[in-house]
Amino acid sequence: MSQSLVPLPKSLLDNMVQFKKKSPIAFATTFYPMPDSYINDFFESLNNQSYKEFDLFVLNDNYGSIDKYISRYPNLNIVELEYSNTPAKNREFLLRFIKKASYDIIILGDSDDVFDTKRIETSIDKLNLADIVVNDVSIFDTNGYSTEYYLSNRIENNSIIDIDFIRTKNIFGLSNTAFKLNIIDTIEFENNIVALDWYLFSLLLLNNSKAIFTCDTYTDYRQHNENTVGLSCFTNQKLITAASIKLQHYKLLAKANKNYSLLANKTKHYLDKLEDIDFLNHEVKHNNAQLKFPLWWEYLIDE
């Protein structure tokens, strides 16, 4: 990640002087059309944080007016940026804005999720030990919680997470991570990259950044139909999707590290084999039987 930043558009630079910086810590999210109840829960959980000194950046991609929330939560320093592009380009815009504004720490959270009251406090504390903090997730939907502290079924508290751990799977989401902004230089993503989080944090780890896992705080990870990916049992479509996303991921990372070319070739071979319905059914059955608490994009191959 040694390239320099691409110049920001004039519209973005104009926005730089339109807010007051309260803190060197930024909490960043994107809004898009979704139920108001999700947004209510999101703001309420941030309003109840034990650590109060942070600026809340909201990239508004056609959600509509958030004026009522700005009025309702006067103690939150809400900075609204109106922008509309692909999900990856929205995140690129948001990260570059915050980097340009010289923040020290960025904490990421999806606007359809809810956060433990100590999420910001714990993230800051753990960043004294590492460059990146990834926290646990508890999975819930309209019926309540299905699994609390999901990632702790696979990872011990305060574990160091290296590139080998996330080579074939991911735990770094855009709703359970925080990092020091001085570890990132280039912020430029492909238009339609799906596993943006996996790609970003893989690059950072390949660049020798240190990451730590904590279950001392958590993100309530909402499962609903609009989720790009959930954490659940395998189906035929889920396995095909996971392999397809892996192939895209490995091809992109191969541009930075040639070792990923071999993984891309192997994944392409596996995807081709999944076109055989009998083989696909076998692989789904095998994964449901053998892989408990699968992580994002993870699957086992029983060839």
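Predicted model: local features only at pLDDT ≥ 70, side-chain atom pairs only at ≥ 80, totals over all residues.
**Entry 1. Strand β6 and its partners**

I began with strand β6, residues 132-141. Nine of its 10 residues are buried, so the rest of the structure largely encloses β6. I then looked up its pairings in turn. With strand β10 (residues 211-222), β6 pairs in the parallel sense over nine bridges. Within that pairing, I noted Tyr218 of β10 as the bridge partner of Asp136.

With strand β7 (residues 144-147), β6 pairs in the antiparallel sense over three bridges. Here Phe140 stands opposite Tyr145.

I recorded two pairs from it: Ile132 has Phe179 as its bridge partner, and Val134 stands opposite Thr177.

**Entry 2. The other pairing of β9**

I next followed β9, residues 177-180, to strand β4, residues 105-108. These strands are antiparallel, with three bridges between them. Ile107 has Ala178 of β9 as its bridge partner. As a reminder to myself, side chains in a regular strand alternate between the two faces of the sheet.

**Entry 3. Asn77**

I located Asn77 in strand β3, which spans residues 77-82. Its side chain makes a polar contact of 2.9 Å with the side chain of Asp55. Leaving aside residues up to four places away in sequence, I found Asn77 touching Lys20, Lys22, Phe54, Asp55 and Leu56.

**Entry 4. Helices**

Which residues of helix α5 are buried? I listed Arg119, Ile120, Thr122, Ser123, Ile124 and Lys126. Helix α5 covers residues 119-126, and six of its eight residues are buried, which leaves the helix mostly covered.

I then examined helix α6 (residues 196-206) against helix α7 (residues 236-254). They pack at an angle of about 35°, and their axes are 11 Å apart. The crossing is right-handed. On the α6 side, the contact is made by Trp198, Tyr199, Ser202, Leu203 and Leu206. On the α7 side, Lys246, His249, Tyr250, Leu252 and Leu253 make the contact. I noted alongside that an α-helix has 3.6 residues a turn, so residues three or four places apart point the same way.

**Entry 5. Cysteines**

How many disulfides does the structure hold? I found zero. Cys233 is exposed because its relative accessible area is 54%. Cys215 counts as partly exposed, since its relative accessibility is 23%.

Definitions and conventions:
Residues numbered from 1 in each chain as written. Heavy atoms only, no water. Disulfide = S-S within 2.5 Å. Buried < 20%, exposed > 50% of the residue type's maximum accessible area, 1.4 Å probe, protein only. Pairing = 2+ DSSP bridges. Helix = DSSP H or I, 4+ residues; strand = E, 2+ residues; numbered from the N terminus. Polar contact = N/O pair within 3.5 Å; in protein donor to acceptor, adjacent residues only side chain to side chain. Contact = heavy atoms within 4.5 Å. Axes fitted to C-alpha atoms, helices over the stretch in contact; angles between N-to-C directions. Left-handed = near helix turned anticlockwise from the far one by under 90°.
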